[in-house]
Amino acid sequence: MKLSDIKNNDLKKDQSKELEGDAPLDIRDILQEEGITVQMLVDAALELYVPHPGIETRKKAEELFLAELDLALSDANLCLLIYAGILLEKEGRRGHLPNISKKSYEKDLTFIIADEVLGMSISRYISGDKGTFEFVRFDKQKPGILSKLGPFMDDVIGGLIGGVSANMYTRGMAGSTSKNEKKNHRNDKKSDNSGVIAG
């Protein structure tokens, strides 16, 4: 039997395609309750900031980072992944993680990779392989708030910052390229003084 032979029953065909009702909680507020502010995310991201075309200054980088962060956190799926990390961290502090003692949680044992997988999943969800690359960069150097977070949250927040940073650089460079192309196009029009009409 092939997968294509299996009859597809869309059991969710009548389901709404949009979220319904007002969400009672915002992930930013939940992060703030955990001692993680948006400014801390910005500060950690900018510790590893590298000037790129379209993001030549830290001020521009901060503006783009905040815009990309707002865009990312508008996605309910991403917010749920972050929330999963928050819950894992809370349960770890209480010693209530399955198959892991509180002592093992506190040591952040290297063979426990669920935290890394969650961080990579978050960064990849936001911006694909570029996000994963940035996650690794932030995970290794642990700038700002990342050095103060627990075993799960350092990877969760590293994944968030990495994914958002990757999009910041991509969008900044794309904007710069687009501006240069428009400028070159205008210059080409000005320099074409032949008076010949193409036919």
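Trainee: Does Asp154 count as buried or exposed?

Mentor: Asp154 counts as buried because its relative accessibility is 7%; buried means under 20% relative accessible area, exposed over 50%, and partly exposed in between, with a 1.4 Å probe and protein chains only. Please note that this is a predicted model, where local features need pLDDT of at least 70, side-chain atom pairs count only at pLDDT 80 or more, and totals for chains, interfaces and linings use all residues. Residues are numbered from 1 along each chain as its sequence is written, and side-chain values use heavy atoms, with hydrogens and water left out.

Trainee: Where is Asp154 placed?

Mentor: Asp154 is in helix α7, residues 153–191. Helices are DSSP runs of H or I with at least four residues, strands are runs of E with at least two, and both are numbered from the N terminus.

Trainee: Which side chain does the Asp154 side chain make a polar contact with?

Mentor: That of Lys142, at 3.1 Å. A polar contact is a pair of N or O atoms within 3.5 Å; within protein, one must be able to donate a hydrogen and the other to accept it, and residues adjacent in sequence count only if both atoms are side-chain atoms. Not counting residues up to four places away in sequence, Asp154 touches Lys142, Leu146 and Leu149, where contact means heavy atoms within 4.5 Å.

Trainee: Turning to Glu134, is it buried or exposed?

Mentor: Glu134 is buried, with a relative accessible area of 6%. Glu134 lies in helix α6, residues 114–141, and touches Gly162, Ser165, Ala166 and Tyr169, leaving aside residues up to four places away in sequence.

Trainee: And what does Glu116 touch?

Mentor: Beyond residues up to four places away in sequence, Glu116 touches Phe135, Asp139 and Asp155. Glu116 is in helix α6 and is partly exposed, at 24% relative accessible area.

Trainee: Next topic: at what angle do α2 and α3 pack?

Mentor: Helix α2 (residues 38–47) and helix α3 (residues 58–72) pack at about 130 degrees, with axes 10 Å apart. Axes are lines fitted to C-alpha atoms, for helices over the stretch in contact, and angles run from 0 to 180 degrees between N-to-C directions. The two helices are therefore oblique to each other: angles under 35 degrees count as roughly parallel, over 145 as roughly antiparallel, 65 to 115 as roughly perpendicular and the rest as oblique.

Trainee: Which residues meet there?

Mentor: Val38, Gln39, Leu41, Val42, Ala45 and Leu46 in α2 meet Arg58, Ala61, Glu62, Phe65, Leu66 and Leu69 in α3.
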